[in-house]
Amino acid sequence: SEMCIRDSFKQLKAVLKEMGYDWSDDITHVPFGLVTKDGKKLSTRKGNVILLEPTIAEAIKRAGDQIEAKNPDLPNKEAVAQAVGVGAIKFYDLKTDRLNGYDFDLDAMVSFEGETGPYVQYAYARIQSILRKANFKPDAATPYALEDAESWEIIKLIQNFPATIKRAADNFEPSIIAKFAISLAQAFNKYYAHNRILDQSPERDSRLALSYTTALVLKEALRLLGVDAPDEM
């Protein structure tokens with residue numbers, strides 16, 4: 001039970017203190033919810049377990065199958081599948097509010113649609129593709145400007161990123177960063193659907209600059225969660 005865990009943690013701190021490790025005062029017990037499989041509590045005795053190595057291998061295979069279907073000519077497919085498969089498991093675990101439980105569902109985890117790691121990674125890779133096609137390099141001296149509402153939604157999210165990181169750290173709550181990454185990816189995908197970013201227009205460079213900045217923030221949000229961001233998917 002949670003109470004038993006808390007008591008054990010207090011004993012651990014006391015033992016470390018007794019051993020002369022002063023940093024024991026700075027460690028904090030961070031509780032988290034229950035992970036179930038098929039709606040049932042994990043139990044080695046009953047055989048309801050999730051083994052890490054075969055689970056990771058299956059996640060990588062499923063990521064690879066989807067990459068093969070979407071982009072069969074992709075270089076380094078194996079490395080990308082590894083980043084997507086492993087990242088999918090990490091992201092799904094960390095996107096749930098820490099004290100809430102969740103059911104371990106590999107289909108949902110490795111999906112390229114929905115509130116998943118691959119969805120965020122795919123948004124990042126899509127932006128990298130746009131920037132490569134445009135051969136875009138940001139210029140600090142250029143006064144980029146956009147006035148449409150969809151751009152403003154993205155800009156507001158990006159402005160809020162430092163406060164989001166602080167809130168996640170203060171509350172020992174990585175799901176705050178994961179949910180931010182989902183929101184930013186969703187906002188960009190909406191923007192991408194309604195704006196022809198690569199078309200020649202007075203706003204072209206500003207749209208590319210917004211895309212570039214979005215990618216930087218998505219990559220950093222994923223990095224904070226321990227998830228890689230492949231440039232192509």
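Helices here are DSSP runs of at least four residues, numbered from the N terminus. I keep that in mind for the entries below, and I also note that this is a predicted model.

**Entry: second largest pocket**

I looked up which helix gives the largest share of the lining of the second largest pocket. It is helix H5, residues 117-134, with seven residues. The pocket's volume comes out at about 210 Å³. I jotted down some of the residues that line this pocket, including Tyr 122, Arg 126, Ile 130 and Lys 133, and also Asn 71, Tyr 192 and Glu 232. Sorted by class, the lining has six nonpolar, four charged and two polar residues.

**Entry: largest pocket**

Next I went to the largest pocket, at about 400 Å³. Of its 19 lining residues, Phe 32, Gly 33, Val 35, Asp 93 and Arg 98 are the closest to the centre. Two elements give two or more residues to this lining: helix H1 (2-18) and helix H3 (77-95).

**Entry: Thr 214**

Is Thr 214 buried or exposed? Its relative accessible area is 0%, and buried means under 20%, so Thr 214 is buried.

What does the side chain of Thr 214 reach? I found the backbone oxygen of Leu 210, at 2.8 Å. Leaving out residues up to four places away in sequence, Thr 214 touches Ile 127, Ile 154, Ile 158, Leu 184 and Phe 188.

Key. Residues are numbered from 1 along each chain as its sequence is written. This is a predicted model: local features need pLDDT of at least 70, side-chain atom pairs count only at pLDDT 80 or more; totals for chains, interfaces and linings use all residues. Side-chain values use heavy atoms; hydrogens and water are left out. On a 1 Å grid over the protein atoms alone, a cavity is a set of points where a 1.4 Å probe fits but cannot get out, and a pocket is an open set with protein on both sides within 12 Å along at least five of seven lines; lining residues have an atom within 4 Å of a point. Grid points are joined across faces, edges and corners, and a volume is the space filled by probe spheres set on the points. Ala, Val, Leu, Ile, Met, Phe, Trp, Tyr, Cys and Pro count as nonpolar, Asp, Glu, Lys and Arg as charged, and the others, Gly among them, as polar. Buried means under 20% relative accessible area, exposed over 50%, partly exposed in between (1.4 Å probe, protein chains only). A polar contact is a pair of N or O atoms within 3.5 Å; within protein, one must be able to donate a hydrogen and the other to accept it, and residues adjacent in sequence count only if both atoms are side-chain atoms. Contact means heavy atoms within 4.5 Å.
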